[in-house]
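Subject: Structure for your files

Hello,

Here is the structure I promised to pass on. My notes on what was found follow below it.

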Amino acid sequence: MEPRAIEGDKATLELTGDGILNLRWIEGVRIEAEDAHAAMREVNNLSGANEHPMLVDMATTQSVSRGARAVFSIPCAANRIALLGRSAVDRVIANFFLGVHTPPCPTRFFNSRSEAMAWLAQGHDTNHDGAAG
């Protein structure tokens with residue numbers, strides 16, 4: 001399936017052939033509450049009645065507002081979330097979110113796409129911490 005643009009044009013979303021949602025934020029984006037709502041609405045629309053693991057490519061995200069962080073704490077059609085970043089700033093943003101909010105499902109930060117994909121494929125667990133690759 002081709003990636004769909006999220007309302008506001010700050011991200012794209014696709015459901016891959018292996019059943020993984022791939023949410024990719026554009027480089028340098030500032031994610032506000034309305035952006036988070038639009039992304040989660042599209043995740044739920046695309047998933048229908050099913051839940052899927054989700055890879056969130058947040059590499060080079062500039063900032064995530066307090067309102068957006070609150071939205072990302074609301075349960076959606078994702079049953080596992082791997083946050084993928086490349087820089088120390090990405091890790092700080094992810095760890096701040098994970099430290100302040102309780103994610104709605106197991107959520108971890110990775111700086112390796114292959115490690116993130118392997119973790120998403122593992123199935124359900126109760127680990128909500130940010131420790132990883």
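pLDDT is the predictor's confidence in each residue, from 0 to 100. The chain has a mean pLDDT of 86, with 92% of its residues at 70 or more. Over residues 124-133 the pLDDT is below 50, though this stretch has 30 contacts (heavy atoms within 4.5 Å) in the model beyond near neighbours in sequence.

This is a predicted model: local features need pLDDT of at least 70 and side-chain atom pairs 80 or more, while totals for chains, interfaces and linings use all residues. Residues are numbered from 1 along each chain as its sequence is written, and side-chain values use heavy atoms, without hydrogens or water.

Aromatic pairs

There are two aromatic pairs in the structure (ring centres of Phe, Tyr or Trp, for Trp the six-membered ring, within 6.5 Å; planes under 30 degrees apart are stacked, over 60 edge-to-face, the rest tilted). W25 and F72 pair edge-to-face, at 6.4 Å centre to centre and 70 degrees between the planes. W25 is in strand β3 (residues 21-25) and F72 in the loop between α2 and β7, so this pair ties together parts 47 residues apart in sequence. Helices (H or I, at least four residues) and strands (E, at least two) are DSSP runs, numbered from the N terminus.

F110 and W119 make a tilted pair, 5.7 Å centre to centre with 45 degrees between the planes. The charged end of R80 sits over the ring of W119, 3.9 Å from its centre (CZ of Arg or NZ of Lys within 6 Å of the ring centre and within 35 degrees of the ring normal).

Regards
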